[in-house]
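Subject: A structure for you to explore

Hi there,

Here is the structure I promised to pass on to you. Please open it beside this email and follow along as you read.

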Amino acid sequence: MLEIGREILSYASRFGGDYVDVRIVRRKQEEIEVKNGVLENASKNETYGFGIRVLYKGAWGFASSFDLSNYKKTVEKAFQIAKASASVNKKKGSFSSSRSLQNQMGKLLQN
């Protein structure tokens, strides 16, 4: 999961955001159906998904997907939302203690 997180952040760095973060989620689910004391069904399911948030020129964009293989579309959607918000938003968002995306990306990609 760390590798796909790095890929997503690397791709997101191309769009010039002030801040980007990615959260990858793994969900495990087990279901057991019993009817009149008899096991009817038992199943396990594991799914993955991710969310990305970006800060671009003081405006936030969010997007998420359960399709990790198509992360580029989700990253682009988050930036489209942030850019659209930035074009009309008079009050800019920020992180007072955040470092630049380039600094954070550089450290992550070097590891």
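Let's begin with one side chain: Trp60 counts as partly exposed, because its relative accessibility is 24%, and buried would mean under 20%. Its aromatic partner is Tyr19; the two rings sit edge-to-face, 6.1 Å centre to centre, with 75° between the planes. Tyr19 belongs to strand E1 and Trp60 to strand E3, so this pair ties together parts that are 41 residues apart in sequence. Tyr19 itself is buried, at a relative accessible area of 13%.

Before going further, please keep in mind that this is a predicted model. The mean pLDDT of the protein is 86, and 82% of the residues reach 70 or more. Confidence is highest in strand E3 (residues 59–65), at a mean of 95, and lowest in helix H3 (residues 101–110), at 55. Where pLDDT is low, the predicted coordinates should not be read in detail.

Now for the sheet. Three strands make an open sheet in the order E1-E2-E3, with antiparallel pairing. E1 (19–35) and E3 are at the edges with a single partner strand each, so one side of each has no neighbour in the sheet. From one strand to the next, the twist averages 20°. E1 and E2 are joined over 17 bridges, and you can find Glu33 opposite Asn41 in E2. Helix H1 packs on the sheet, where it touches E1 and E2, and its direction makes about 140° with that of E1. Helix H2 also packs on the sheet, touching E1, E2 and E3, with its direction at about 155° to that of E3.

Which residues touch the most other members of the largest nonpolar core? Among the 19 residues of this core, they are Ile8, Val20, Ile52, Val54, Tyr71, Val75 and Phe79. Two or more core residues come from each of H1 (2–12), E2 (38–56), E3 and H2 (71–88), and H2 gives the largest share, six residues.

Tyr11 is buried at 10% relative accessible area, whereas Phe15 is partly exposed at 23%.

Enjoy exploring!

Best wishes

Definitions and conventions: Residues are numbered from 1 along each chain as its sequence is written. This is a predicted model: local features need pLDDT of at least 70, side-chain atom pairs count only at pLDDT 80 or more; totals for chains, interfaces and linings use all residues. Side-chain values use heavy atoms; hydrogens and water are left out. pLDDT is the predictor's confidence in each residue, from 0 to 100. Helices (H or I, at least four residues) and strands (E, at least two) are DSSP runs, numbered from the N terminus. A nonpolar core is a set of buried Ala, Val, Leu, Ile, Met, Phe, Trp, Tyr and Cys residues joined through side-chain atoms within 4.5 Å. Buried means under 20% relative accessible area, exposed over 50%, partly exposed in between (1.4 Å probe, protein chains only). Two strands pair if DSSP finds at least two bridges between them. Axes are lines fitted to C-alpha atoms, for helices over the stretch in contact, and angles run from 0 to 180 degrees between N-to-C directions. Contact means heavy atoms within 4.5 Å. Rings of Phe, Tyr and Trp (its six-membered ring) pair if their centres lie within 6.5 Å; planes under 30 degrees apart count as stacked, over 60 as edge-to-face and the rest as tilted.
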